[in-house]
Amino acid sequence: MLNNNKTYTNNNLRDVQKCFNDGVCEVFSADERVLGNSKGKFYFAKESVGIGHFYQAYNNNISIDRAISIPMNDITIDSQDVVLLDNIWYKIARIQYKDNKKPKHWVLSLQKSSFAYKVVNND
């Protein structure tokens, strides 16, 4: 793994420390249009979408509507999951793992879902 040789002193800690204080999102497993179990609620930070990533997705008929980062944890999140954020459903278009920042986190590129998800009761 590459090392960027940064020194983490008190004068530059704000430049490298990530704060997840923009809100709370909830991640669900999903199978087509049916919601599965909730994987958890996470604090998130808003991220920007780079122009290269935006047009790369646009060329593949994927619209990137939002990007958020959530802290790394032991829950497995994959691109088949959906995110509930501000009462809007989003599909996960891309997951990036950022291990060169403190704390380590995932950046989720989100695409608005074009349909509503159904909740199935297992009675």
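Is Tyr55 buried, partly exposed or exposed?

Reply: Tyr55 is partly exposed, with a relative accessible area of 44%. Buried means under 20% relative accessible area, exposed over 50%, and partly exposed in between, with a 1.4 Å probe and protein chains only. A word on the basis: this is a predicted model, where local features need pLDDT of at least 70, side-chain atom pairs count only at pLDDT 80 or more, and totals for chains, interfaces and linings use all residues. Residues are numbered from 1 along each chain as its sequence is written, and side-chain values use heavy atoms, with hydrogens and water left out.

Now the rings. The whole structure holds 6 aromatic pairs. Phe54 and Tyr55 form one of them, edge-to-face, at 5.3 Å centre to centre and 85° between the planes. Rings of Phe, Tyr and Trp (its six-membered ring) pair if their centres lie within 6.5 Å; planes under 30 degrees apart count as stacked, over 60 as edge-to-face and the rest as tilted. Phe54 is partly exposed, at 33% relative accessibility.

Elsewhere, ring pairs join Phe28, Trp89, Phe115 and Tyr117 into a cluster. Phe115 also meets a charge: Arg33 lies over its face, 4.2 Å from the ring centre. That term requires NZ of Lys or CZ of Arg within 6 Å of the ring centre and within 35 degrees of the ring normal.

Next, the salt bridges. Side chains of opposite charge can pair when their charged atoms come close. The rule asks for a side-chain nitrogen of Lys or Arg within 4 Å of a carboxyl oxygen of Asp or Glu. The count is 3.

Glu47 bridges to Lys18, with the closest N and O atoms 2.4 Å apart. Glu47 sits in the loop between strand 2 (34-46) and helix 2 (51-59), and Lys18 in the loop between helix 1 (13-16) and strand 1 (23-31), so the pair ties together parts 29 residues apart in sequence. Helices (H or I, at least four residues) and strands (E, at least two) are DSSP runs, numbered from the N terminus. Glu47 is partly exposed at 25%; Lys18 is partly exposed at 23%.

Lys39 pairs with Asp81 at 2.8 Å between the closest N and O atoms. Lys39 is in strand 2 and Asp81 in the loop between strand 3 (66-71) and strand 4 (82-85), 42 residues apart. Asp81 is buried at 3%, whereas Lys39 is partly exposed at 23%.

Arg66 and Asp86 form a salt bridge at 3.3 Å between the closest N and O atoms. Asp86 is exposed, at 54%.
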